[in-house]
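I opened my notebook and had a look around this model. Here is what I jotted down.

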Amino acid sequence: MNALSSLIVVFILAAVAWVGGEVVSLHPAFGIVVPALAGVVFVVGFAVRVVGWARVPVPFRIPTTCGQQRSLSWIKSGWLESPWTRTGVVARMALEVLLFRSLFRGTVAAITTEPVSDGHGSQDPAPGPARLVFGEQKWLWLAALAFHWSFLFVVLRHLRFFVEPTPGWVGVLGAIDGFFQVGAPAVYLTDVVLLAALAYLLIRRLTDAQVRFISLFQDYFALYLLVGLVTTGVLMRYFVRPDIIAIKQLTLGLVTLAPAVPTGVSPLFFVHLFLLSVLVAYFPFSKLVHMAGVFLSPTRNLANTNRMRRHVNPWNYPVKVHTYEEWEDEFRDKMKAAGLPVEKV
């Protein structure tokens, strides 16, 4: 139900944008007002989320570790799994951000009754007892990695629409991306990979019973928005050639705060722009904001020095204590009278 309702919502959004693209009088609303509002919502919402995370007190170090902490010299420690230096933390964060290391090592658990092999090549055909088995999710890691890197390449390639003149490295990036040219226009490898990765992530969420059970409306909504965004972009790139000059005039006007909607912009581009605006405005309030959250996660960005150093809560207030020595000084005479042992005679 969540998958269907989110799909319907995205279709409605696309239909509304198509109508906005068909009606000329609505072009300023869909070409200027909506993208500008989305940009403001993104900046403000993103800042609020990041500042909110940054202001949360972290009194204790609670790093997620997969290795032994550094403490005694005879205990083997893991400098990358459980880093105790800033260099180790940076290395762990870099592997996490660039290669999704934790997802690479992610495992999935399941109950199975499949027959158990005896270790000599033969296998009892009868079902075995129910048992817990663990497996890996390397395809999920690969699809996530392909999606994020491809999306980054696509975003960088789109800079040619927002800057004038276009930086040379953007052209080089496009040439590298389109080296697999089989015709005109060149087929960008990232377009193919991005669509394939999104298809895998969506199919996995729809077909895996366990993943589908925990999937919410917003999980499908973000995926359908991305699919719609990429699909409309591919359509304009390879099948429905829009007026690129008019589109660049529109996008340049948005980023230079001199907005204007030229004639000749196709309705399909308005759908593309509207879905992008919805995604941008939705970004700070969704799971997608993990892009910033990973840098502020104390389980990742703190060195594990729990056994190396004594960490005192910085906002602990001073507590007046009554030591045993003071207590004995106060009641020594009465303790002696009662026959109780004392430390000072």
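**Helix H10 and its neighbours**

I began at the start of H10, where a side-chain oxygen of Asp-243 comes to within 3.2 Å of the backbone nitrogen of Ile-245. Helices here are DSSP runs of H or I, at least four residues, numbered from the N terminus.

Before going on, I noted that this is a predicted model, where local features need pLDDT of at least 70, side-chain atom pairs count only at pLDDT 80 or more, and totals for chains, interfaces and linings use all residues. Residues are numbered from 1 along each chain as its sequence is written, and side-chain values use heavy atoms, with hydrogens and water left out.

After H10 I came to Leu-257, with a positive phi near 60°. Leu-257 sits in the loop between H10 and H11. At 75% relative accessibility, it counts as exposed (over 50%).

**Another positive phi**

Phe-100 is not a glycine either, yet its phi is positive, about 55°. I located Phe-100 in the loop between helix H3 (86-99) and helix H4 (101-104). Its relative accessibility is 13%, so Phe-100 counts as buried.

**A cis peptide bond**

I then looked up the bond from Glu-164 to Pro-165: it is cis, with omega near 5°. Pro-165 is in the loop between H5 and H6.

Conventions:
Polar contact = N/O pair within 3.5 Å; in protein donor to acceptor, adjacent residues only side chain to side chain. Helix = DSSP H or I, 4+ residues; strand = E, 2+ residues; numbered from the N terminus. Buried < 20%, exposed > 50% of the residue type's maximum accessible area, 1.4 Å probe, protein only.
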